[in-house]
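Welcome! Have the sequence and the 3D view ready, and follow along topic by topic.

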Amino acid sequence: MSSVPRQTSLHQLNASLGAAMNVSEGTVTSHLRATSRTYFYFTTATLVLCLIFTLATIMVLVVQKKEPIPQPPDKFPLIGGNCSLDILSILKKPPGTESSAYLQVSKPIRSSKLTWNKDGTLNGIGYHDGNLIIQSPGWYIIYCQLQFVVPNCPDNPIDLKLELLINNKAKKQTLVTACESKTGTKNIYRNLSQFFLENLNVNNTVSIKVKEFQYVDTNTFPLESVLAAFKYSNSN
């Protein structure tokens with residue numbers, strides 16, 4: 001008699017587990033369907049936003065392509081010194097020949113202030129005792145290049161310096177150190193140069209001073225050590 005109730009209880013337990021399993025499977029299936037639907041909506045919305053952004057970018061590029069690109073003005077205001085905008089403006093306008101000078105260094109060199117051969121080009125610019133003398137006011141481009149040679153390096157390094165002076169006041173300087181290795185190297189060649197734009201008045205002077213002037217090369221490259229100036233434009 002005890003086996004009948006026990007079998008009845010087992011049947012009831014199996015029925016309860018089956019119902020629980022059916023409920024759990026249905027719940028999981030519903031949850032998965034809801035998650036898949038949410039992911040689909042999110043992915044669709046993201047793709048739509050990307051498509052809108054891409055179309056907007058393409059429209060902006062098309063509009064910019066149709067708009068004319070503004071051209072830079074033909075004339076730039078000159079600043080002076082060694083400004084890159086000044087160099088750009090100079091390149092856009094060829095220099096005139098109203099006032100110009102191109103002189104090679106004279107030898108022998110006996111002092112730090114260099115002198116120049118007067119048989120070079122002097123057009124509307126005077127020269128005296130190493131000085132270019134301005135005769136017409138305006139913006140001037142000044143260029144100097146010097147070749148140096150150190151035949152034998154001494155025990156200590158040598159500072160080679162080029163100074164560009166306006167009215168005997170240094171405006172630009174270039175310095176390079178030679179013989180730093182102290183290995184007794186022979187024939188060390190160095191090139192120093194300066195490019196300068198300045199607004200000059202009548203009787204202003206331009207001159208060049210060097211440190212260690214005895215190393216300025218007047219033999220190997222005698223034509224490469226020069227001082228040049230030309231008037232680029234009027235002061236206004």
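Let us begin with a pair of strands: E3 (residues 125–128) and E4 (residues 131–134) run antiparallel and are joined by four bridges. Please keep in mind that this is a predicted model.

**The E3–E4 hairpin**

- Strands E3 and E4 make a hairpin, with two residues between them.
- In the turn, Asp129 has a positive phi of about 55 degrees.
- If you look for the bridge partner of Tyr127, you will find Leu132 in E4.

**The sheet that holds the hairpin**

- An open sheet is formed by five strands in the order E3-E4-E9-E6-E7, with antiparallel pairing.
- The edges are taken by E3 and E7 (169–178); each has a single partner strand, so one side of each is left without a neighbour in the sheet.
- From one strand to the next, the twist in this sheet averages 20 degrees.
- E4 also pairs with strand E9 (residues 205–211), in the antiparallel sense and over two bridges.
- Along this pairing, Ile133 stands opposite Thr205 in E9, and Leu132 stands opposite Val206 in E9.
- As background, strands of a sheet pair through backbone hydrogen bonds, either parallel or antiparallel.

- Another open sheet has five strands in the order E2-E1-E10-E5-E8, and its pairing is antiparallel.
- Its edge strands are E2 (121–123) and E8 (186–200), each of which pairs on one side only.
- Here the twist averages 15 degrees from one strand to the next.
- Within this sheet, E5 (residues 138–152) and E10 (residues 226–233) pair in the antiparallel sense over seven bridges.
- As a landmark for that pairing, look for Ile141, which stands opposite Phe230 in E10.

**The cysteines**

- How many disulfides does the count come to? It comes to one disulfide.
- This disulfide joins Cys153 to Cys179, with an S to S distance of 2.0 Å.
- The link of Cys153 and Cys179 is left-handed, with -75 degrees about the S-S bond.
- Cys153 lies in the loop between E5 and E6 (158–166) and Cys179 in the loop between E7 and E8, so the pair ties together parts that are 26 residues apart in sequence.
- Both Cys153 and Cys179 are buried.
- Cys144 is buried because its relative accessible area is 0%, and the cut-off for buried is under 20%.

Key: Residues are numbered from 1 along each chain as its sequence is written. This is a predicted model: local features need pLDDT of at least 70, side-chain atom pairs count only at pLDDT 80 or more; totals for chains, interfaces and linings use all residues. Side-chain values use heavy atoms; hydrogens and water are left out. Two strands pair if DSSP finds at least two bridges between them. Axes are lines fitted to C-alpha atoms, for helices over the stretch in contact, and angles run from 0 to 180 degrees between N-to-C directions. A disulfide is a pair of cysteine sulfur atoms within 2.5 Å. Buried means under 20% relative accessible area, exposed over 50%, partly exposed in between (1.4 Å probe, protein chains only).
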